[in-house]
Amino acid sequence: MDSAQAVELAGIDAIGQASLVAAGELSAVELLEAAIIRLEAARGLNAVIDDLFERGRVQAADLDAADSRTSPLHGVPFLLKDLGASLAGVQEVMGSRALRTHVAAETAWIVERYLDAGLVVFGKTNTPEWGNHCTTEPSLFGPTVNPWSPSITPGGSSGGSASAVAAGVVPAASGGDGTGSIRVPASCCGLVGLKPRRGRSSFAPGAGHSLEGLVNSHALTRSVRDSAALLDVIAGGAPGDPYHVAPPSTSYLDAIAEAPVAQRILMTTASPFPGPATDPAVASAVEATGRLLGELGHIVEPGGPTVDPDVVADAIAVLHTVSNVGLHALATSHLGREPAEDEFEPSTWVMVREGFATTGAAYAGAIDAVHAQTRRFAAGMAGRDVLLVPTLLTGPPPYGLLGEPRGTTREFFDVEFATTGWTALANVTAWAAISLPLGTTDDGLPVGVQLMAPDETVLLQLAAQLEAAAPWADRHPPLWVGVN
């Protein structure tokens with residue numbers, strides 16, 4: 001396959017690429033080789049930090065030799081975030097200098113599901129240290145470039161995955177989200193980014209949950225149907241999981257073929273946290289989406305639930321400090337000694353040191369606070385089905401804003417929440433949330449609009465309606481593969 005053919009495939013989503021394999025027009029090996037050509041052309045983005053080309057070639061050849069098609073994604077090239085998506089025998093650095101030689105001993109349950117679905121894994125993507133930042137600028141591998149502009153972050157912590165998808169290297173890549181780490185990159189890079197509800201998939205075999213349930217795994221995609229199909233792949237649980245949610249009545253991919261019943265939607269452009277006013281371009285995108293949803297038959301009202309912002313920020317800060325003590329313990333076990341301060345990012349070191357000083361009472365109090373604020377949030381949504389809000393309160397932010405130490409962990413999150421606003425509330429409340437590329441800044445950069453609900457089906461149905469009414473598939477960044 002030549003480079004022109006490889007670039008032509010870049011504009012086809014995952015289901016579309018898989019259909020070419022199913023029809024016999026291309027093989028899984030040919031799709032993979034095309035993706036490798038595109039990855040090599042996009043090396044300047046620094047999105048992929050570990051090439052797994054040979055394992056991908058073996059897997060693709062095995063798929064081509066098999067008689068059965070295992071899913072609507074069979075044969076599609078796929079990238080794994082280098083955090084929360086471990087593959088046994090492959091490096092798992094998590095953006096940390098202290099773990100630069102670490103190799104995963106186990107394959108994550110969700111990765112097993114990806115492989116069973118016929119997704120061809122051929123690389124791992126850049127991420128900030130342990131997912132601590134909503135930007136992707138690890139000192140170990142260097143910053144990932146946003147294909148829309150080298151002056152703005154691709155977001156984080158799933159920034160490497162987002163950059164690769166936005167540039168057309170792959171149609172989809174895995175991600176994880178603890179305070180917005182799928183949705184923030186989706187907004188920065190003009191993509192679809194769904195954070196599932198708590199318990200939708202499993203953290204097996206290594207854990208029951210992450211950050212006391214704040215973290216959820218899924219993917220970055222360019223189309224809603226790809227997001228739905230990938231959620232079908234990872235939906236479900238493993239024996240012994242601490243959370244259980246009822247499976248959907250029908251597959252997510254089938255569900256988006258149907259319009260949802262009229263939804264009662266609460267809409268606000270204001271942030272739940274103190275800080276500057278929402279950027280006018282962002283507010284305009286949210287309001288335009290609200291009008292469009294009204295035209296589609298939904299009931300859109302102004303307003304939003306409230307939480308105590310200090311209580312939420314304090315709780316999230318405490319949970320992160322304790323979580324980072326876990327990173328320190330992992331690094332100590334891996335190195336056979338305690339890691340030095342300069343083997344962590346400065347902001348991580350602040351969290352680690354605070355974590356060692358965090359009492360059990362403070363940790364238990366943070367968990368109680370999260371639950372109490374979830375109930376307050378739910379009371380504010382009584383009688384409504386969906387919340388419509390900005391993904392980010394600004395356009396894509398510059399580098400150097402969301403990853404720097406601020407003296408304390410709480411001050412670190414004060415800076416983050418002044419930019420991200422509502423994203424963390426979906427993690428706190430366990431609600432599903434999706435970011436859609438429905439706006440632009442005055443200079444043409446992507447703006448995400450966020451929908452939140454207790455369950456994913458209605459979000460995906462609304463997203464499919466919006467995608468049909470205001471399509472974004474042909475909107476490509478300046479650094480789209482084959483352009484520069």
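A pocket is here an open set of grid points with protein on both sides within 12 Å along at least five of seven lines. In this predicted model, the second largest pocket holds about 240 Å³ of space. Its lining is made up of 19 residues, and those closest to the centre are Arg 222, Trp 472, Ala 473, Arg 475 and His 476. Sorted by class, this lining has 11 nonpolar, 4 polar and 4 charged residues.

In the lining of the largest pocket, 18 residues are polar, 15 are nonpolar and 4 are charged.

Turning to one of the helices, H3 covers residues 28-41, 14 residues in total. From first C-alpha to last, H3 reaches 20 Å, close to the 20 Å expected at 1.5 Å a residue. The buried residues of H3 are Ala 28, Leu 31, Leu 32, Ala 34, Ala 35, Ile 36, Arg 38 and Leu 39. An α-helix has 3.6 residues a turn, so residues three or four places apart point the same way. The partners of the buried H3 residues include both helices and strands: they pack against helices H1 (3-10), H2 (14-22) and H4 (53-65), and also against strands S1 (48-51), S2 (77-81) and S3 (120-125).

Methods:
Residues numbered from 1 in each chain as written. Predicted model: local features only at pLDDT ≥ 70, side-chain atom pairs only at ≥ 80, totals over all residues. Heavy atoms only, no water. Nonpolar A, V, L, I, M, F, W, Y, C, P; charged D, E, K, R; others polar. 1 Å grid on protein atoms, 1.4 Å probe; cavity = no way out; pocket = protein on both sides within 12 Å on 5 of 7 lines; lining within 4 Å. Points joined across faces, edges and corners; volume = space filled by probe spheres on them. Helix = DSSP H or I, 4+ residues; strand = E, 2+ residues; numbered from the N terminus. Expected span 1.5 Å × (residues − 1). Buried < 20%, exposed > 50% of the residue type's maximum accessible area, 1.4 Å probe, protein only. Contact = heavy atoms within 4.5 Å.
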